[in-house]
Amino acid sequence: GISVPPVASAPAPSRTASPTPSAGEQNLREAERAVSRFWSVIDRLSADPDSDLTELTTVSRGPVAAQWARNINQDRYDRVRSTGNVVVRDAMAKRSKKRNVFRVTACIDVSGVSLRDEDGKSVVPPDRPPRVGYNYVVEMDRQNWYVVREKVTGTC
C-alpha cells in the first residue's frame, strides 16, 4: 500500500512557539486589551446617563480621559444616548522607547453603534465612516493599563 512517513519525522516545533508567552509578549497583548477595555467603558458610560464618568480614569488618563468626559457630558446635555458596541479590530501593539509605554494601532468599528435623541431618532451623521483607524499610546502603571493618547489616522 501507500507508505505513510512515521509521525516522528515531523519537524520539531521551534522553541519560540512556547505555549506561555514571554513577559514582553504578554505586555503587548495587555496593551492591545487596554484599548478594548477603554472602548467598553466608553460604550457603557455613553449608554447610561446615570453612570459615573470617573470610571474613565480606570482605563485612560490625562487629555484622553478629559476629552471623553467632555464628549459624553455633551451627549448627556443634548440628551443623546448611545446603543450598541464599538468593535476594536486588528489591534497591534509595539514597544516605544519609554519603559512601560506602548503604541497600539487599531481599527475602531462603530458600525454597530447608534446615537439616538430623546425621541429615539438617530443622530448619527450620514457621512460617519463605519471604521476609523486610531493610533494609541498606552501606559502601564503598577499593573494597570491606561490609554494616554489617541489620534485618528483615517478610515480603515
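**Figure 1. Asp90, an exposed residue in strand 2.** At 63% relative accessibility, Asp90 counts as exposed in this predicted model, because the cut-off for that class is over 50%. Asp90 belongs to strand 2, which covers residues 87-95. The backbone deserves a look here. Phi of Asp90 is positive, at about 55°, although the residue is not a glycine.

**Figure 2. Gln143, in the loop between strand 5 and strand 6.** Gln143 sits in the loop that links strand 5 to strand 6 (144-155). What is the relative accessible area of Gln143? The value is 64%, so Gln143 is exposed. Phi is again the feature to check. For Gln143 the angle is near 70°, a positive value in a residue other than glycine.

**Figure 3. Ser51, a buried residue between the two helices.** Ser51 is placed in the loop between helix 1 and helix 2. Is Ser51 buried or exposed? Its relative accessible area is 16%, and Ser51 is therefore buried, since that class takes values under 20%. Once neighbours within four places in sequence are set aside, Ser51 has contacts with Arg44, Leu45 and Arg76. Two of the pairings involve polar atoms of the Ser51 side chain. With the side chain of Arg76, the side chain of Ser51 forms a polar contact of 2.7 Å. A polar atom of the Ser51 side chain also lies 3.4 Å from the backbone oxygen of Leu45.

**Figure 4. Arg29, a partly exposed residue of helix 1.** Arg29 is part of helix 1. Its relative accessibility is 32%, so Arg29 counts as partly exposed; the class lies between the buried limit of 20% and the exposed limit of 50%. Which side chain does that of Arg29 join in a polar contact of 3.0 Å? The partner is the side chain of Glu32. Arg29 and Met92 are 63 residues apart along the chain. In space, their C-alpha atoms are 8.4 Å apart.

**Figure 5. The largest pocket and its lining.** The largest pocket holds about 450 Å³ of space. Its lining is made of 19 residues. Which of them are the closest to the pocket centre? They are Trp39, Trp68, Val110, Leu115 and Arg128. By residue class, the lining has 13 nonpolar, three polar and three charged members. Several elements contribute. Helix 1 (23-47) supplies at least two lining residues.

**Figure 6. The whole chain, for orientation.** The protein chain contains two helices and six strands. In what order do the elements run from the N terminus? The order is α-α-β-β-β-β-β-β. The chain has 156 residues, and 31% of them count as buried. Take the contacts with a separation of 6 or more: residues 24 or more positions apart account for 57% of them.

Methods:
Residues numbered from 1 in each chain as written. Predicted model: local features only at pLDDT ≥ 70, side-chain atom pairs only at ≥ 80, totals over all residues. Heavy atoms only, no water. 1 Å grid on protein atoms, 1.4 Å probe; cavity = no way out; pocket = protein on both sides within 12 Å on 5 of 7 lines; lining within 4 Å. Points joined across faces, edges and corners; volume = space filled by probe spheres on them. Helix = DSSP H or I, 4+ residues; strand = E, 2+ residues; numbered from the N terminus. Nonpolar A, V, L, I, M, F, W, Y, C, P; charged D, E, K, R; others polar. Buried < 20%, exposed > 50% of the residue type's maximum accessible area, 1.4 Å probe, protein only. Polar contact = N/O pair within 3.5 Å; in protein donor to acceptor, adjacent residues only side chain to side chain. Contact = heavy atoms within 4.5 Å.
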